[in-house]
Amino acid sequence: MKIKFFHGVAVIFLTVLMFSCKKEDPMPADPTSVADIDGNIYTVVKICDKFWMTANLKTTRYNDGTEIPTNLTNTQWEATTAGAFAIYDATEANNALYGKLYNWFAASSGKLAPTGWHVATEAEWNELVTCLGGSGGAGGKMKSVSTLWEAPNTGASNSSGFSGLPAGFRGSSNGSYASKGTVANFWGSDQRNTTQGEYLQLTTAFASTSTNGATKQFGYSVRCVRD
């Protein structure tokens with residue numbers, strides 16, 4: 001009887017121990033939102049088999065807590081080879097609507113996105129476009145139906161839930177801002193060559209998407225994908 005009782009207690013102890021050591025999943029299987037290190041919260045949408053943020057990144061810090069340089073003069077912006085961000089026309093209202101414009105050095109750093117997420121790669125942009133029917137019409141499915149887009153906002157339906165907005169960009173050659181209301185450019189974390197990074201573009205004039213390479217000092221929007 002003592003031996004049986006001892007084994008019974010041992011089984012109970014091990015069972016309790018297993019349950020007490022069980023860890024909760026660090027991220028829900030189907031997240032509806034994610035927060036960056038600054039506490040900005042982004043709604044999440046599942047498009048095909050990947051989870052995407054539905055708004056442009058706004059963080060002022062890398063996910064290790066390091067501050068990202070900002071407030072660069074036009075000359076400094078043009079010359080830098082370090083990560084940096086800008087806000088269109090240095091206007092807080094634009095930050096609230098469109099998020100920040102990061103150069104490629106920040107976008108490719110591997111630590112810009114929230115933990116468990118990453119800046120979309122060229123391959124992921126291509127997969128997204130293919131999933132949405134190809135470059136000829138994917139742009140319309142990715143563009144928000146919003147008056148922030150200047151007319152004609154061709155083909156816009158936002159049927160994907162991506163909610164792309166026309167944040168414009170900061171130039172690489174003189175640091176000036178352009179194309180808010182007509183263009184959305186999103187960095188890929190890949191480089192095309194030693195001077196250019198990959199990006200995807202949406203425009204008000206077309207329902208299509210286009211991809212190309214741009215000088216790494218351009219300031220473009222960033223979208224993140226779950227790892």
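Biologist: Are Trp 52 and Phe 162 buried or exposed?
Modeller: This is a predicted model, where local features need pLDDT of at least 70, side-chain atom pairs count only at pLDDT 80 or more, and totals for chains, interfaces and linings use all residues. Residues are numbered from 1 along each chain as its sequence is written, and side-chain values use heavy atoms, with hydrogens and water left out. Buried means under 20% relative accessible area, exposed means over 50%, and partly exposed lies in between (1.4 Å probe, protein chains only). By that rule, Trp 52 and Phe 162 are both buried.

Biologist: How many aromatic pairs does the whole structure hold?
Modeller: Rings of Phe, Tyr and Trp (its six-membered ring) pair if their centres lie within 6.5 Å. Planes under 30 degrees apart are stacked, over 60 edge-to-face, and the rest tilted. A search of the whole structure gives a count of 13.

Biologist: What kind of pair do Trp 52 and Phe 162 form?
Modeller: Their ring centres are 6.0 Å apart. The planes meet at 70 degrees, so the pair is edge-to-face.

Biologist: How many residues apart are Trp 52 and Phe 162?
Modeller: Helices (H or I, at least four residues) and strands (E, at least two) are DSSP runs, numbered from the N terminus. Trp 52 is in strand 3 (residues 50-53). Phe 162 is in the loop between helix 6 (135-142) and strand 7 (169-170). The pair links distant parts of the chain, with a separation in residues of 110.

Biologist: What kind of pair do Trp 187 and Tyr 220 make?
Modeller: The ring centres are 4.6 Å apart. The planes stand at 40 degrees, so the pair is tilted.

Biologist: Where is Tyr 220?
Modeller: Its partner Trp 187 is in strand 9 (residues 183-191), 33 residues apart from Tyr 220. Trp 187 is buried at 0% relative accessibility, and Tyr 220 is buried at 3%. Tyr 220 itself is in the loop between strand 11 (210-215) and strand 12 (224-226).

Biologist: Which residues do ring pairs link into a cluster?
Modeller: Trp 187 and Tyr 220 are in it.

Biologist: Which residue lies over the face of Phe 162?
Modeller: A charge sits over a ring if NZ of Lys or CZ of Arg is within 6 Å of the ring centre and within 35 degrees of the ring normal. For Phe 162, at 4.1 Å from the ring centre, the residue is Arg 223.

Biologist: Where is the peptide bond to Pro 152 cis, and what is omega?
Modeller: Pro 152 is in the loop between helix 6 and strand 7. The cis bond runs from Ala 151 to Pro 152, with omega near 15 degrees.

Biologist: Is Ala 90 buried or exposed?
Modeller: Ala 90 is not a glycine, yet has a positive phi of about 55 degrees. It is found in the loop between strand 4 (85-86) and helix 3 (92-98). Its relative accessible area is 68%, so Ala 90 is exposed.

Biologist: What do the buried residues of helix 6 pack against?
Modeller: Those residues are Ala 138, Gly 139, Gly 140 and Met 142. Contact means heavy atoms within 4.5 Å. Their packing partners are helix 5 (122-131) and strand 10 (196-203).
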